[in-house]
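The sequence and coordinates are shown first, and the description follows.

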Amino acid sequence: MKKYVLAVITLTIYSFSSAQETIIFDNQSTVITTGVPFLLIASDARAAGMGDMGVATSVDAFSQQWNASKYAFSESKSGIAVSYTPYLSKLVNDIFLGNVTYFNRINERSAFAASFKYFSLGQIELVQDEFSEALIAQPNEMTIDASYSLRLANQFSMAVGLRYLRSDLKIQALDNSAEAASSVAVDISGFYQSEEEAYDSFNGRTRLGFAIQNLGPKIKYNDAGKENFLPTNLRLGGGFDFIFDEYNTLALTAEVTKLLVPTPPLYGFVDLNGDGKQATDGSEPTIIAKGKSPDVNFLKGIFQSFGDAPGGFNEEMKEFTWALGAEYRYQDAFAFRTGYFNESDEKGGRKFFALGAGFKYTSMNIDMSYLFSASKVQSPLEGTLRFSLTFNFGGGEYREY
């Protein structure tokens, strides 16, 4: 009998002590970070005015940045566009994102485009001491793109793009061996635009688009440093054009985006005594990881990104951002735009409303946009007026759409 009592007491004590050995996870953020994040900034005013979207909107000269396959539906033979986006304009005046894009329709079925994007981080003044002359550094990042689009059917086209990336953030004045980091990436996209269909009181057109962007190897900033994933992302979108008459058109579009980059795991420890702290008895800490290791190549990282969030399916869904946008056009001469962008608070918390307008005079388009933050996280683009200028040549040469 005494043996049974002793066994019960032992089990009770063991169960109690085991209950105290709980796993404590640090309250860390699982926000996904990548290299060259400037690639995710909307560089043109039209897309910015509709909540940073462009994968399924109608074709324009800046389609290279969102979905190059749209060029196969352009009514213009060719075009060139430039844009300027101030960054952190409330703090400094020399950080900006600039973009130049050119496209040309080769024939009725195909087109090519090229673009150059430049992100300047302004001037940094380095002073070693009061007797030394100040050294000026100008860190910057840039990309050079080229794409080819082909219409595979009357209403469907696809495109492939090649991108060279260069990130020169090191300051050679501090490190003579500093070199710029570089990588290459590929874009794959598709676009569907239906024929104009007649409804009871208006005509309509459906638009669908997808794009996998920045698909490429990691970028490494130094030999001893950590490799960083490129901001590979998946964009899916759809929209509908309400064509009321030859003068008035309203386009509504929705878009979702997901980074195809592994989610960082949450790290924690075994709480031995129930006080919520790591034991300090001199022994090595017991580290527990919740989630999957992000130390994989970029191809495996793409597939892993759909099922590696520490919080499971619920957290995976929070990694999708979504946007809604509307564009009203009058006589193809004036456009008014608005949009909303949403990101989960746990994944960055970007939320904002956008307004935009566009004007057309002969072959020239002028677009502008403005952003209003709707989040506690202040946007570096809040209160920024963005401009884009487009020149289209051979307008109306392709009228089959």
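The model is predicted: local features need pLDDT of at least 70 and side-chain atom pairs count only at pLDDT 80 or more, while totals for chains, interfaces and linings use all residues. Residues are numbered from 1 along each chain as its sequence is written, and side-chain values use heavy atoms, with hydrogens and water left out.

**Pockets**

A pocket is an open set of points on a 1 Å grid over the protein atoms alone, where a 1.4 Å probe fits, with protein on both sides within 12 Å along at least five of seven lines; lining residues have an atom within 4 Å of a point.

In the largest pocket, the lining comprises 44 residues, and S58, V59, E75, R329 and D332 lie nearest the centre. Strands that each supply at least two residues of the lining of the largest pocket include β14 (233-243), β15, β18 and β19.

**Strand pairing**

Helices (H or I, at least four residues) and strands (E, at least two) are DSSP runs, numbered from the N terminus. Two strands pair if DSSP finds at least two bridges between them. Strand β15 (residues 248-259) runs antiparallel to β18 (residues 320-330), and eleven bridges join the two. Within this pairing, T249 has R329 of β18 as its bridge partner; R329 is also one of the residues nearest the centre of the largest pocket. On to β19 (residues 334-342), β18 is joined by nine antiparallel bridges, and W322 stands opposite N342 there. Three residues separate the strands in the hairpin of β18 and β19, where Q331 takes a positive phi near 55°.

Another set of pairings involves β4 (residues 110-120), which is joined to the antiparallel strand β3 (residues 96-105) by ten bridges. R105 has A111 as its bridge partner in β4, and the hairpin of β3 and β4 has four residues between the strands. With β7 (residues 140-153), β4 pairs in the antiparallel sense over eleven bridges, and K117 stands opposite T143 in β7.

**Nonpolar cores**

Buried means under 20% relative accessible area (1.4 Å probe, protein chains only). A nonpolar core is a set of buried Ala, Val, Leu, Ile, Met, Phe, Trp, Tyr and Cys residues joined through side-chain atoms within 4.5 Å. The largest core has 21 residues, of which V36 and F38 touch the most other members. Counting contacts as heavy atoms within 4.5 Å, F38 touches L97, K117, F119, E141, M142 and T143, with residues up to four places away in sequence not counted. Apart from this core lies another, of nine residues, including F62, Y71, A111 and A159.

A72 lies in the loop between α2 (45-48) and β2 (78-86). This residue is classed as buried, with a relative accessible area of 0%. A72 and I106 are 34 residues apart in sequence, and their C-alpha atoms are 9.2 Å apart in space.

Technical notes:
Buried means under 20% relative accessible area, exposed over 50%, partly exposed in between (1.4 Å probe, protein chains only).
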